[in-house]
Amino acid sequence: MELNPGLSEVVFGLRAEVEALKTRLNKIERGQEVAVSAAYWQAVERERDSTDKKRRHLL
């Protein structure tokens with residue numbers, strides 16, 4: 001016997017909202033990982049270019 005018949009509906013709705021928020025958070029986290037990865041590889045490329053320029057200058 002349920003004390004408040006509408007309570008299960010509220011709980012169900014809250015669970016659905018929590019799952020939707022988890023999904024959004026995961027998408028945001030993945031986006032940040034991609035952005036950090038892109039920034040890292042851009043820095044690697046800049047460093048490589050800088051090293052190449054220094055080598056050419058020494059030759």
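This is a predicted model: local features need pLDDT of at least 70, side-chain atom pairs count only at pLDDT 80 or more; totals for chains, interfaces and linings use all residues.

Trainee: Let's begin with charges. How many salt bridges does the count come to?

Mentor: The general idea is that side chains of opposite charge can pair when their charged atoms come close. The cut-off used is 4 Å between the side-chain nitrogen and the carboxyl oxygen. By that rule the count here is 3 salt bridges. One of them joins Arg 48 to Glu 45, with the closest N and O atoms 2.8 Å apart. Another links Lys 22 and Glu 19, at 3.4 Å, and Arg 55 pairs with Asp 52 at 3.7 Å.

Trainee: How many residues apart are Arg 48 and Glu 45 in helix 1?

Mentor: They sit 3 residues apart, which is about one turn of the helix. Arg 55 and Asp 52 are spaced by 3 residues in helix 1 too.

Trainee: Is Arg 55 buried or exposed?

Mentor: Anything over 50% relative accessible area is called exposed. Arg 55 has 54%, so Arg 55 is exposed. Asp 52 has 27%, so that one is partly exposed.

Trainee: And which residues form the nonpolar patch on the surface?

Mentor: Those are Leu 7, Val 10, Val 11 and Leu 14, with about 330 Å² of accessible area together. Leu 7 is in helix 1 and counts as partly exposed at 47%.

Trainee: Where does helix 1 run?

Mentor: Helix 1 covers residues 7-58, and Ala 39 is in it. The C-alpha atoms of Ala 39 and Pro 5 are separated by 52 Å.

Methods. Residues are numbered from 1 along each chain as its sequence is written. Side-chain values use heavy atoms; hydrogens and water are left out. Helices (H or I, at least four residues) and strands (E, at least two) are DSSP runs, numbered from the N terminus. Patches are made of residues with over 30% relative accessible area and no salt bridge: like charges are joined within 9 Å, nonpolar side chains (Val, Leu, Ile, Met, Phe, Trp, Tyr) within 5 Å. Accessible areas come from the Shrake-Rupley method with a 1.4 Å probe; for residues, only the protein chains shown count as cover. Buried means under 20% relative accessible area, exposed over 50%, partly exposed in between (1.4 Å probe, protein chains only).
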